[in-house]
Amino acid sequence: MELLKLVGVLIIVAGFVLRLRVAAVVVLAGVVTGLAAGMPFAGTESAPGVLDTLGRSFAGQRIVTLFVLALPAVGLSERFGLQDRVRELIRRLRAATAGRLQFVFQLLRYGIGALGIRLGSGHVTFGRPLFLPMALGAERLDDESEADSGAVELVKAATGAAENYGNFFGQNLFFGAAGVALVVTTCADLGYTVDPRRVALWCIPVAIAAAVLGGVQFWWLDRRLRRTRTRAGGDATPPEGVGS
Amino acid sequence: MRLFDLLFTLEAVFVLSGVSLGAIAVQSFADRSNPSRAGTGAFWLLLAVTFAGGSHMPSWLTGLLVLAMVAIDAAGHVRHGNYGEPAASERAAAARRIGNRILVPVLMIPLLTYGASVALAPLELDANRVVYASLGYASIIAAVVALLVTRARPVDVVTEGRRLSDAIGAIVILPQLLASLGAVFKAAGVGDVIASGVAAIVPADNLFLVVVVCCTGIAAFTFLLGNSFAAFPLVMAGVGVPMIVVPFGADPALVGLMVITAASCGTLCTPMAANFNIVPAALFEMRSTYGVIRFQAPFAAAMLVAHIVLLWAFIALGR
């Protein structure tokens with residue numbers, strides 16, 4: 001009977017494997033799990049149901065979608081050449097490569113996290129408008145060119161990863177971070193008094209390990225991009241629109 | 001001050017988001033080049049309503065609207081339209097005309113958000129309220145500054161917001177849906193079932209093996225649920241404290257921190273953490289929905305090994 005509750009997890013896994021519409025799979029998993037656990041579909045004051053639990057937590061989680069408010073400013077800047085400008089600026093910096101830029105992004109994210117600065121999703125604030133065009137510009141990759149599509153896809157993935165690495169393994173360097181607070185309150189519940197500054201201190205070796213491993217992966221990215229380019233013979237032809 | 005308490009709130013920013021999404025919906029309904037303009041418009045309109053009215057509507061009604069959005073997406077009716085994008089040459093000419101000033105609006109968003117957080121710190125308001133109200137207003141101010149810098153028509157702000165929203169598509173509601181799923185899982189007691197499973201397989205006397213099971217367990221748990229915060233207390237109470245801190249005299253601050261960052265190794269690999277892994281793939285207009293996860297997976301595996309080694313070594317050396 002207890003294991004029946006895991007049916008939702010199974011539905012999620014099956015949905016992802018079969019590549020069904022993710023939103024529909026998630027809702028289905030929620031409804032089935034709720035019903036399997038004996039929740040009514042539409043609840044009452046005393047017994048919450050699946051439908052109202054869905055509505056309540058959806059409304060309660062609006063914060064994660066607030067980034068939509070930043071899209072008009074980013075989009076309008078792009079329409080008037082933001083990405084072209086960023087690419088041009090980064091090309092003046094000869095040492096810049098996609099991998100090195102992503103490594104800088106990860107370290108910048110550490111700095112922001114360690115200072116306790118919260119800015120919402122870095123993918124919207126830094127990734128799309130700044131680090132992605134910088135990395136594509138440094139590698140002279142064209143987002144709309146079919147020949148570049150494999151390399152572009154890789155650089156995009158690395159931009160998303162750099163933000164996540166920096167965010168996940170850097171934010172707990174700040175003793176006031178939500179993760180540190182969770183450690184402190186959980187330990188208190190279990191009978192241990194823990195100093196948040198000591199918790200944050202133990203994040204230093206974790207952050208160093210993530211910087212080393214991230215550095216290795218971004219170095220590998222540069223190597224891979226260089227190889228693809230040599231094979232395509234792209235180095236011989238001057239990239240379009242440079243220096244004009 | 002009363003005006004500040006009315007406007008500088010999460011609620012006000014939610015309503016403004018609703019207005020912004022509503023404008024996108026109106027434009028979508030009018031876009032004849034969109035093969036499914038009614039569906040696309042309805043999707044954004046429903047999202048706008050849940051944003052603006054979410055705090056006042058009965059929960060069952062919000063739930064129904066969410067089901068409607070999911071149905072529109074499942075039927076394939078959230079589509080792209082026409083955004084009158086300028087030719088590359090026109091865009092390059094604009095970039096030359098405007099120069100570095102084009103960077104100002106984008107850089108303003110983080111700087112204003114941070115500036116407001118610092119300036120308002122003495123008021124000791126709720127941290128979420130300060131961060132997200134600042135972020136919301138910084139975004140709006142940035143859009144106005146972008147209009148001034150580019151001298152675009154005001155309607156272009158909506159068109160461009162719509163272009164990026166459509167690029168993300170129905171994925172935009174996934175983080176909220178997954179959080180709701182987490183709430184149902186929690187109410188149904190799914191976490192306890194998994195935690196008891198993890199605790200049942202732990203070999204109690206070997207420090208290295210316990211550390212392996214603890215770190216891998218929380219990562220797997222987080223992979224399944226998409227959220228380490230739900231898993232952490234269960235794993236600490238089930239494994240971390242009784243099997244590591246108590247028998248081996250380990251520092252609970254060390255164990256707690258390492259367990260919570262080990263969980264992030266699971267987060268990096270799971271589509272359940274949509275806001276970190278799936279939304280950026282959509283936002284960057286990647287071909288593969290799982291492209292970010294695929295890149296992160298080898299790093300996450302190596303980080304998990306690093307966690308095991310570090311935690312084991314620090315405890316072993318400290319004894």
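Visitor: Among contacts in chain A between residues at least 6 apart in sequence, what share joins residues at least 24 apart?
Guide: In this predicted model, 64% of those contacts in chain A join residues at least 24 apart, where contact means heavy atoms within 4.5 Å.

Visitor: And what is the figure in chain B?
Guide: For chain B, residues 24 or more positions apart account for 72% of the contacts with a separation of 6 or more.

Visitor: Before we go on, what conventions apply here?
Guide: Residues are numbered from 1 along each chain as its sequence is written, and chains are lettered from A and ligands numbered from 1 in the order in which they are written. Because the model is predicted, local features need pLDDT of at least 70 and side-chain atom pairs count only at pLDDT 80 or more, while totals for chains, interfaces and linings use all residues; side-chain values use heavy atoms, with hydrogens and water left out.

Visitor: How many helices and strands does chain A have?
Guide: Chain A has 11 helices and 0 strands, these being DSSP runs numbered from the N terminus, with helices (H or I) of at least four residues and strands (E) of at least two. The radius of gyration of chain A, taken over C-alpha atoms, is 23 Å, well over the 18 Å from the globule rule for 244 residues, so chain A is more spread out than a compact globule; that rule is 2.2 Å times the number of residues to the power 0.38.

Visitor: What box do its C-alpha atoms fill?
Guide: Along the principal axes, the C-alpha atoms of chain A fill a box of roughly 70 × 45 × 35 Å, and those of chain B fill one of roughly 70 × 50 × 45 Å.

Visitor: Where are the domains in chain A?
Guide: Chain A is divided into domain 1 (2–60) and domain 2 (65–232), with bounds that come from an automatic or database domain assignment. The centres of these two domains of chain A, taken over C-alpha atoms, are separated by 33 Å.

Visitor: Which domains does the assignment give for chain B?
Guide: In chain B the assignment gives domain 1 (2–172) and domain 2 (189–318), and their C-alpha centres lie 34 Å apart. Chain B contains 15 helices and 0 strands.

Visitor: Changing topic, how far apart are the mean positions of the charges in chain A?
Guide: The mean positions of the 25 positive and 19 negative charges of chain A are 5 Å apart, and for the 17 positive and 15 negative charges of chain B the separation is 11 Å. Lys and Arg count as positive and Asp and Glu as negative, leaving out His and the chain ends, and each charge is placed at NZ of Lys, CZ of Arg, CG of Asp or CD of Glu.
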